[in-house]
Amino acid sequence: MSQGPGSGLAAVSAALLAMSRHLEVRDVLKTIVASARELLDAQYAALGVPDDHGGFAQFVVDGVSDEQWRAIGPLPRQHGILAAMLREAKAERLADVRQDPRFEGWPTAHPDLADFLGLPIRDGDEVIGALFLANKNCPKPEGSCGFTEEDQELLSILAQHAAIALTNARLYERSRELTIAEERSRLAHELHDAVSQKLFSLRLTAQAAAALVDRDPARAKGELHQVAMLAAEAADELRAAVVELRPAALDEDGLVATLRTQTQVLDRAHTARVTFTSDGFRALPAAQEEALLRVAQEALHNALRHSGAAHVDVSVQRRGSGAVLRVTDDGSGFDPKAVRRAGRHLGLVSMRDRASGVGGTLTVESVSGKGTTIEMEVPGG
């Protein structure tokens, strides 16, 4: 076994646990390369996920500064040793990668690599990535590789777990995409119902006004003018809501902007007043923001669909290094004695699962006839 600073069962266990903590693909890739470099005491580590066009869909490095990485230029193509690992799906351990006949050079700003250890990451028969390290931090006799057979075995274990972590992250992201699509569809349905009801009422009002034409033409004219104005307002409202109705882009917009947009849409779609406030919130890891958003959406859905509330308020605030989300309504509430039945009906079980899944807590306060408050707190990243 390697005697570098990352050697030992505890270090291996720490590396595997670190990979399992993340759900976002990019975070998983970064954790894999950082863990591999530390564990095998190498100067450089990289991981490439191939695309279907001879390049890499994602390529993550560790040991290279941001400035160096920008200077290196475009992502590498699948050629040389990288192509061999992807194509032949076998390990490559070389004393000097520059002397290998498959070596095709690298950009001017690229660091100088010598001894090299690379492994494919496989999911069954499919090669889903290539993990490699270079420049082992150890004395190397002339013409020999600093990476040992034990290092290769250790990296092989890491690669197997990397495949599991990467596959899980991809499944999570796919699941999140489907959830966002479902939420978008639900919001669209709510908007359609709300505006359709408003337009239907306007049509009835117009019919009633038409009945006044013969008996009271002046009054009928005024009523019809008002109907036209209200119909135009409803149409404008629908157009504005549809423009804002888009998948929740946490990566681009952040939690605060996403919640503000969704509460604005729901405020338009329902007779209840829906408001949002934020105080001192700062960005959290993606998984925590995702959980906060989903709990807020579930709590809003309950308040607007089941409580008969006139006002629902959503707030997110900084608390220590973490944050607290609070959704409060002045609706009918429920009897805490019936919490088990209500928990199933209102999705409290799934909300608690989301909270605990990111190390947070969920509390629910409700009094029959006096509304409900759902609070979720998450620690800092």
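The paragraphs below take up the pocket, the cysteines and the aromatic rings in turn.

This is a predicted model, in which local features need pLDDT of at least 70 and side-chain atom pairs count only at pLDDT 80 or more, while totals for chains, interfaces and linings use all residues. Residues are numbered from 1 along each chain as its sequence is written, and side-chain values use heavy atoms, with hydrogens and water left out.

The largest pocket has a volume of about 560 Å³. Its lining comprises 31 residues, of which Pro-76, Leu-82, Trp-106, His-110 and Phe-132 lie nearest the centre; by class, 23 are nonpolar, 5 polar and 3 charged.

Under the rule that a disulfide is a pair of cysteine sulfur atoms within 2.5 Å, the count is 0. The sulfur of Cys-138 has its closest cysteine sulfur in Cys-145, at 8.2 Å, which is too far for a bond.

The whole structure holds 5 aromatic pairs (rings of Phe, Tyr and Trp, the last by its six-membered ring, with centres within 6.5 Å; planes under 30 degrees apart count as stacked, over 60 as edge-to-face and the rest as tilted). The rings of Phe-59 and Trp-69 are stacked because their centres are 6.0 Å apart and their planes lie at 5°. Phe-59 is buried at 7% relative accessible area, whereas Trp-69, at 26%, is partly exposed (buried means under 20%, exposed over 50%, partly exposed in between, with a 1.4 Å probe and protein chains only). Phe-116 and Phe-132 are also stacked, at 5.5 Å centre to centre and 25° between the planes, and both residues are buried. Phe-56, Phe-59, Trp-69, Phe-116 and Phe-132 form one aromatic cluster.

Technical notes
1 Å grid on protein atoms, 1.4 Å probe; cavity = no way out; pocket = protein on both sides within 12 Å on 5 of 7 lines; lining within 4 Å. Points joined across faces, edges and corners; volume = space filled by probe spheres on them. Nonpolar A, V, L, I, M, F, W, Y, C, P; charged D, E, K, R; others polar.
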